[in-house]
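Could you walk me through this model in the viewer? I would like to know what to select next and what is there.

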Amino acid sequence: MIEFIKNHIALSITLFCVVIALIALVWWTLWANKALKLNQVLISAPCELKIAHISDFHNAKLKNNNACLIDMIRDASPDIIAITGDLIDSRHTDVKVSIDLVRELVKIAPCYYVPGNHESRIENEYNTLKQALTDFGVTILCDSKTTIEKNGQTFTIIGIEDPMFVIEKDSVEKTCEVIREKLQPLVSENEGYTILLSHRPEAFEEYVSAGVDLALTGHAHGGQVQIPFIGGLIAPNQGFFPKYSEGLHQKDKTSMVISRGIGNSLCPLRVNNRPEVILIELK
């Protein structure tokens, strides 16, 4: 009888601990999905520039009407702000949220934007967004480029419109082919340090081949689920255990920084994968 009571108590304690652990895991996951993080990336370069990089906003709604996001970028004091696609979400679109965000961002620093695959799916809403961004003074780069100067140094900013604006079936091969055709005429020598804004990290080899100095991308959502010591679980166009899901990647003279993004789309939850703003410092 005493042994039975001991076993019953032990089982009860075990079940209680399991329940508490599950509750803690659920709470932490829900908290982390809204807990925006600033990640800093330092890149050695023959020039100096501070870039705030955001991607895959997906008309997200964070604390206090996204004041936490706006304040984080303001406190970082960037020279420019780069937005690499999917400001809006084609599945649950709220253009006003994205417009309200950019209205505040342009007060902090000049903004540069390229559209992602979600913008390609909803033409009317994207046109509304594009007109608002134009009115705010955002530089929209659709297969085009512009130059800026800081302290006598020249930077060329190139933007590639997402391939889904011109192709029907999304595949890595077709995506890379379209990006290659669009990018080659835009990259020239003697134009200073080149910064590419493109939604697609899976086209890294195309950026390397073109000789881009720095590529800023998104799309992979950090692999959606971050597995310790392994990395992202799954990403669009890359499948399971994607090679390019977040962070800094370098090859030859080209660096690529992939944003984990801010919002969610098809999958409503991230796991061990907090939304982020990336502050890139060229030094």
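This is a predicted model: local features need pLDDT of at least 70, side-chain atom pairs count only at pLDDT 80 or more; totals for chains, interfaces and linings use all residues.

Start by selecting Ser 198, which sits in the loop between β8 (193-197) and α7 (204-210). Is Ser 198 buried or exposed? With a relative accessible area of 2%, Ser 198 is buried. Now show its surroundings: leaving aside residues up to four places away in sequence, Ser 198 touches Thr 84, Val 114, Ile 160, Ile 179, Tyr 207, Leu 216, Thr 217 and Gly 218.

Next, select α2, residues 63-76. This helix of 14 residues reaches 18 Å from its first C-alpha to its last, close to the 20 Å expected. Colour its buried residues: Asn 66, Leu 69, Ile 70, Met 72, Ile 73 and Ala 76. Then bring in what covers them, including β1 (37-43), β2 (49-54), β3 (80-84), α3 (95-105) and β16 (276-282).

Finally, turn to the cysteines. How many disulfides are there? The count comes to 0. Pick Cys 111, which is in no disulfide: the nearest cysteine sulfur, that of Cys 142, lies 15 Å away. Cys 111 is buried, at 2% relative accessibility. Then move to Cys 176, also buried, with a relative accessible area of 11%. Its closest cysteine sulfur is again in Cys 142, but at 19 Å that is too far for a bond, because a disulfide needs the two sulfur atoms within 2.5 Å.

Definitions and conventions
Residues are numbered from 1 along each chain as its sequence is written. Side-chain values use heavy atoms; hydrogens and water are left out. Helices (H or I, at least four residues) and strands (E, at least two) are DSSP runs, numbered from the N terminus. The expected span of a helix is 1.5 Å times one less than its number of residues. Buried means under 20% relative accessible area, exposed over 50%, partly exposed in between (1.4 Å probe, protein chains only). Contact means heavy atoms within 4.5 Å.
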